[in-house]
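User: Could you take a close look at one part of this protein with me? I'm new to this, so please walk me through it slowly.

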Amino acid sequence: MATDASPKFQNTDFRPVPQPPDFHPEITVEPHDGLHFWQFMIAGSIAGSIEHMAMFPVDTVKTHMQALGSCPIRSVGVRHALRSILKSEGPMGLYRGIGAMGLGAGPAHAVYFSVYEFCKKSLSGGNPNNSAAHAASGVFATVASDAVFTPMDMVKQRLQLANSPYKGVWDCVSRVLREDGFRAFYASYRTTVLMNAPFTAVHFATYEAAKRALTGVSPESASDERLVVHATAGAAAGSLAAAVTTPLDVVKTQLQCQGVCGCDRFKSDSIRDVIKTIVEKDGYKGLVRGWTPRMLFHAPAAAICWSTYEAGKSFFQDLNSRSSSGPT
C-alpha cells in the first residue's frame, strides 16, 4: 500500500532563508581579473616602458641593419653593426632616440593592454582557454596602440640612424612637420598594423597557450613559480611572433627612415612598391635583414614585459583585496 513518506523527511528546524526581491545568484558583477580598467592601463604602461628601455640598444642595432638601403653603415651582421655604431658614435649611439621611445611606449602600452583585457573579457565567453579570443583581442589591441605609438616610433628610428641630422626629439618633430607634413608621422601606420596584427595574434595566442602548458606541468607550485612561467611563456611568444613578421618590419623601417641619412625615398607608401625596391637592390635576403636582433629583442623584451605586467596586476589585485576587506 502506497503511503506518503514525505512527512518523515521534513525537519521543521530547516526553513528557507528569505531573499531580497533583487537577489540574482547567477549574476556577478566583478572587474575583470579583479582589476579596474585604469589599473590595466598603469600596469601595461609600466611594463611597456621597462621592456623598451631595457632592450633599446638591441633595437638600435636592428634599425641600422634594416635601414641599409644606401645608408653609410653597410653592416651585414649583428656584430659588424654593433662595432660600427660603437666606432662612429660611442656607447651613447646605442641610446639615440630613447627619449622618443619613452614618450611613446608608456601611453601606447597603456592602450595596448587595457584594450586587450577588455576585448578578451568580451570575446572569450567565459572560457579562459579560448585561443581565438586571445588572438582577436591582440589584433584589436595593436590597431589601437599603433595609432598612439607610430609617430614616436618614426621619430625614434630617424634618431637612431648613423649621422642623423636631427638634434633631438623636438627638433625631429618640428622639422618633419615643416618639411614633410603631418602625414609623414603615419607613413608606416598601415604597414605597422599589417605587421603587428599577425604578430600580436601569434604572440598572445602563444603566450596564453604556453602559460597554460607551463602551469599544467607543476600546478601545485604554479603560484610560487609564477614569475618564471610568465617570463618563459612571454619569451617563447615574442621570438615566434618576431620571426614570422620580420619582412614587414623591414618595410616599416624603410618607410619611416626614407629620405634620411641617404636612405631611399619612395614615391608612395605602397607596401608592394617598397618590397619591390628592397628585392631589386638586395634580393630576397633584404626582407629578412635584422631578423637576428629582432628575435634577440623580442624574446627577452616579451619576457620582461609580461612578467612586469603580471606583477603589476598582482599588486593591484592585492591592493583591491585589502581595500575590499577593510580595516581589521
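Analyst: Let's begin with Gln254, which counts as buried because its relative accessibility is 7%, and the cut-off for buried is under 20%. Keep in mind that this is a predicted model. Gln254 sits in helix 9, which covers residues 246-256. Now look for Arg265: it comes 11 residues away from Gln254 in sequence, and the two C-alpha atoms are 8.6 Å apart in space.

Next, hop over to Lys62 in helix 2. Lys62 has 5% relative accessibility, so it counts as buried too. What does Lys62 touch, once you set aside its neighbours within four places in sequence? Its contacts are Gln157, Asp249, Gly290, Pro293 and Arg294. One of those, Asp249, falls inside the 246-256 stretch of helix 9.

Stay with helix 2 for a moment. Helix 2 (residues 56-66) packs against helix 3 (residues 78-89) at an angle of about 100°, and their axes are 9 Å apart. That angle is why the two helices are described as roughly perpendicular to each other. On the helix 2 side, the contact is made by Thr60, Val61, His64 and Met65, while helix 3 brings Val78, Ala81, Leu82, Ile85 and Glu89.

Ile46 belongs to helix 1, residues 37-54. With a relative accessible area of 45%, Ile46 is partly exposed, because that value lies between the 20% and 50% cut-offs. Together with Trp38, Ile42 and Ile50, Ile46 makes a nonpolar surface patch of about 360 Å².

Definitions and conventions:
Residues are numbered from 1 along each chain as its sequence is written. This is a predicted model: local features need pLDDT of at least 70, side-chain atom pairs count only at pLDDT 80 or more; totals for chains, interfaces and linings use all residues. Side-chain values use heavy atoms; hydrogens and water are left out. Patches are made of residues with over 30% relative accessible area and no salt bridge: like charges are joined within 9 Å, nonpolar side chains (Val, Leu, Ile, Met, Phe, Trp, Tyr) within 5 Å. Accessible areas come from the Shrake-Rupley method with a 1.4 Å probe; for residues, only the protein chains shown count as cover. A salt bridge is a side-chain nitrogen of Lys or Arg within 4 Å of a carboxyl oxygen of Asp or Glu. Helices (H or I, at least four residues) and strands (E, at least two) are DSSP runs, numbered from the N terminus. Buried means under 20% relative accessible area, exposed over 50%, partly exposed in between (1.4 Å probe, protein chains only). Axes are lines fitted to C-alpha atoms, for helices over the stretch in contact, and angles run from 0 to 180 degrees between N-to-C directions. Angles under 35 degrees count as roughly parallel, over 145 as roughly antiparallel, 65 to 115 as roughly perpendicular and the rest as oblique. Contact means heavy atoms within 4.5 Å.
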